[in-house]
Amino acid sequence: MIGHTIAVHNGKEHLPIYITDRMVGHKLGEFASTRNFRDTQKTIIDLVVKITILILDYSLVGGETL
């Protein structure tokens, strides 16, 4: 099986995993990540950008500035 690509299910979708000689003796599920970790800094930046856009849109419509 070394050198083959196998589809491993991670609970949501099938991920193609290429089998190498270093994988022998391990379970295939160890190579399919089941969690998506989001970068906290990116989340904070996205939030700040959205709030800034909302404030600008509100002030352009004629609302009072904060």
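**Exercise 1. Find which residue of β2 is the bridge partner of Val8.**

Solution. Start with the elements. The model is predicted. Next, place the strands: β1 covers residues 5-9, and β2 covers residues 14-18. They run antiparallel, joined by five bridges. Two strands pair if DSSP finds at least two bridges between them. Now read off the partner: Val8 is bridged to Leu15 in β2.

Residues are numbered from 1 along each chain as its sequence is written. Local features need pLDDT of at least 70, side-chain atom pairs count only at pLDDT 80 or more, totals for chains, interfaces and linings use all residues, and side-chain values use heavy atoms, with hydrogens and water left out.

**Exercise 2. Decide whether Asn10 is buried or exposed, and list what its side chain reaches.**

Solution. First, locate Asn10: it lies in the loop between β1 and β2. That hairpin has four residues between the strands, and Gly11 there takes a positive phi near 105°. Second, apply the cut-offs: buried means under 20% relative accessible area, exposed over 50%, partly exposed in between (1.4 Å probe, protein chains only). Asn10 has 17% relative accessibility, so Asn10 counts as buried. Third, look at the side chain. One of its polar atoms lies 3.0 Å from the backbone nitrogen of Lys12. For the backbone nitrogen of Glu13, the distance to a polar atom of this side chain is 2.9 Å. Last, take the contacts (heavy atoms within 4.5 Å). Not counting residues up to four places away in sequence, Asn10 touches Leu15, Ala32, Ser33 and Thr34.

**Exercise 3. Name the residues of the largest nonpolar core.**

Solution. Recall the rule: a nonpolar core is a set of buried Ala, Val, Leu, Ile, Met, Phe, Trp, Tyr and Cys residues joined through side-chain atoms within 4.5 Å. Then list the five members: Val8, Ile17, Ile19, Met23 and Ala32. Check Ala32: beyond four places in sequence, Ala32 touches Val8, Asn10 and Leu15.

**Exercise 4. State where confidence is lowest and where it is highest.**

Solution. The chain average is 82, and 85% of the residues score at least 70. Now compare elements. Helix α1 (residues 40-61) is lowest, at a mean of 82. Strand β1 is highest, at 91.

Definitions and conventions: pLDDT is the predictor's confidence in each residue, from 0 to 100. Helices (H or I, at least four residues) and strands (E, at least two) are DSSP runs, numbered from the N terminus. A polar contact is a pair of N or O atoms within 3.5 Å; within protein, one must be able to donate a hydrogen and the other to accept it, and residues adjacent in sequence count only if both atoms are side-chain atoms.
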